[in-house]
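Please look over the model shown here with me. My notes follow as numbered points.

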Amino acid sequence: LAPAACSQPDSLSDSNLWVLGVAASVTSSFFSSVGSVFQKQAQDHQATCAPEDRASVAFSLILSWRWICGLVFMIGVAIPFDLVSLTLAPQSLVTPLCAVTVVLTLVVCPLMLG
């Protein structure tokens with residue numbers, strides 16, 4: 001029997017795509033943590049400012065630029081990076097990296113919230 005032929009890797013080897021997947025997952029975690037901190041800033045501002053300076057609220061959602069920016073970071077930026085990471089790297093590698101969000105939030109909170 002002849003040995004099985006091995007295919008040659010492309011210029012961007014499939015074996016190296018997991019690195020891009022990990023980078024996309026960490027980027028997603030960063031934007032998710034920054035987005036949640038922005039939303040926390042909006043809630044803190046809403047609670048401490050004068051009633052006439054408060055942002056309007058619709059369906060319990062604060063309609064301030066901070067809260068909307070946090071929502072965009074969490075949905076509009078983090079989710080596409082999650083999709084890219086799950087496309088490029090195995091789920092068994094990407095899923096545990098979601099814990100990076102907790103660590104990054106612990107780092108970002110004192111910097112942004114004081």
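This is a predicted model: local features need pLDDT of at least 70, side-chain atom pairs count only at pLDDT 80 or more; totals for chains, interfaces and linings use all residues.

1. Does cysteine 98 count as buried, exposed or partly exposed? Cysteine 98 counts as partly exposed because its relative accessibility is 44%, where buried means under 20% relative accessible area, exposed means over 50% and partly exposed lies in between, computed with a 1.4 Å probe and protein chains only. Cysteine 49, in contrast, counts as buried at 14%. The number of disulfides comes to 0, a disulfide being defined here as a pair of cysteine sulfur atoms within 2.5 Å.

2. Residues are numbered from 1 along each chain as its sequence is written, and side-chain values use heavy atoms, with hydrogens and water left out.

3. The chain contains 4 helices and 2 strands, and from the N terminus its elements follow the order α-β-β-α-α-α; helices (H or I, at least four residues) and strands (E, at least two) are DSSP runs, numbered from the N terminus. Of its 114 residues, 26% count as buried. Among the contacts in the chain with a separation of 6 or more, 79% are between residues 24 or more positions apart, a contact being heavy atoms within 4.5 Å.

4. The accessible surface of the chain is about 7600 Å², and carbon and sulfur atoms account for 69% of that area; accessible areas come from the Shrake-Rupley method with a 1.4 Å probe, and for residues only the protein chains shown count as cover. On this surface, Phe59, Leu61, Leu63, Ile68 and Val72 form a nonpolar patch, with about 510 Å² of accessible area together. Leucine 61 lies in strand β2 (residues 61-62) and counts as partly exposed because its relative accessibility is 36%.

5. The structure holds 5 aromatic pairs, where rings of Phe, Tyr and Trp (its six-membered ring) pair if their centres lie within 6.5 Å, and planes under 30 degrees apart count as stacked, over 60 as edge-to-face and the rest as tilted. One of them joins phenylalanine 31 and phenylalanine 73 edge-to-face, at 5.4 Å centre to centre and with 75° between the planes. This pair links distant parts of the chain, since phenylalanine 31 is in helix α1 (residues 17-48) and phenylalanine 73 is in helix α2 (residues 65-88), 42 residues apart. Phenylalanine 31 is partly exposed, with a relative accessible area of 22%.

6. Phenylalanine 38 and phenylalanine 73 have ring centres 5.7 Å apart and planes at 65°, so this pair is edge-to-face. It links helix α1, which holds phenylalanine 38, with helix α2, which holds phenylalanine 73, across 35 residues. Phenylalanine 38 counts as buried at 15% relative accessibility. One aromatic cluster is formed by Phe30, Phe31, Phe38, Trp65, Phe73 and Phe81.

7. Valine 77 is also worth a look, in helix α2. Not counting residues up to four places away in sequence, valine 77 touches Phe31 and Val72. Valine 77 and serine 28 are 49 residues apart in sequence, with their C-alpha atoms 7.1 Å apart in space.

8. Glutamine 41 belongs to helix α1 and counts as buried because its relative accessibility is 18%. Leaving aside neighbours within four places in sequence, glutamine 41 is in contact with Arg66, Met112 and Leu113.

How values were computed: Patches are made of residues with over 30% relative accessible area and no salt bridge: like charges are joined within 9 Å, nonpolar side chains (Val, Leu, Ile, Met, Phe, Trp, Tyr) within 5 Å. A salt bridge is a side-chain nitrogen of Lys or Arg within 4 Å of a carboxyl oxygen of Asp or Glu.
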